[in-house]
Amino acid sequence: ALLTNAAPRERARRKRKGRRMSEAKSASQTVEEPLDLIKLSLDERIFVKCRGGRVLRGQLHAYDQHLNMVLGKVSETITTVEIDEETYEENVKTEKRTVELLFVRGDTVVLVSPPLRTV
């Protein structure tokens, strides 16, 4: 992020925040803000639920404040429900594919789940 246009107070706040986060992570890797949880999941496999019935599982390589993400070794599952116009039955279709590298736009993300951690 470019700090040249930020007001002096804003720059100082960002500096303090960066110090707090690095101190906390070195001590016990605590989560103070929602994106801290994502940061702790870098280079690990995560679960991402998106709009439109898409579910992704992949290794988190990068992300930003908008939740745009770059995932590697991704397995994608797309679930669609079609309704038969005559019988009104629901037909559920599931498609699966694997992608080596995938960019996910943040505004499609509904849920992000980090890997399970044992204490």
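Q: Which residues have the most contacts inside the largest nonpolar core?
A: Quick ground rules: this is a predicted model, where local features need pLDDT of at least 70, side-chain atom pairs count only at pLDDT 80 or more, and totals for chains, interfaces and linings use all residues. Residues are numbered from 1 along each chain as its sequence is written, and side-chain values use heavy atoms, with hydrogens and water left out. A nonpolar core is a set of buried Ala, Val, Leu, Ile, Met, Phe, Trp, Tyr and Cys residues joined through side-chain atoms within 4.5 Å, where buried means under 20% relative accessible area, exposed over 50% and partly exposed in between (1.4 Å probe, protein chains only). The largest one has 14 residues, and those with the most contacts inside it are Val 48, Leu 56, Met 69, Leu 71 and Val 104.

Q: Which elements give two or more residues to this core?
A: Helices (H or I, at least four residues) and strands (E, at least two) are DSSP runs, numbered from the N terminus. By that count, the contributors of two or more residues are strands S1 (45-50), S2 (54-63), S3 (69-83) and S4 (90-104).

Q: Which strands stand at the edges of the sheet?
A: Two strands pair if DSSP finds at least two bridges between them. Five strands make an open, antiparallel sheet in the order S4-S3-S2-S1-S5. Each edge strand has a single partner, so one side of each is left without a neighbour in the sheet; these strands are S4 and S5 (109-113).

Q: How many bridges join S3 to S4?
A: These two strands run antiparallel. The bridge count between S3 and S4 is 14.

Q: Is Lys 93 buried or partly exposed?
A: Lys 93 sits in S4. Contact means heavy atoms within 4.5 Å, and, leaving aside neighbours within four places in sequence, Lys 93 contacts Ile 78, Thr 79, Thr 80 and Glu 82. Because its relative accessibility is 44%, Lys 93 counts as partly exposed.

Q: What separates the C-alpha atoms of Leu 37 and Val 112?
A: Leu 37 belongs to helix H2 (residues 34-40), and at 33% relative accessibility it counts as partly exposed. Beyond neighbours within four places in sequence, Leu 37 is in contact with Val 31 and Pro 114. Although Leu 37 and Val 112 are 75 residues apart along the chain, the C-alpha separation is 9.5 Å.
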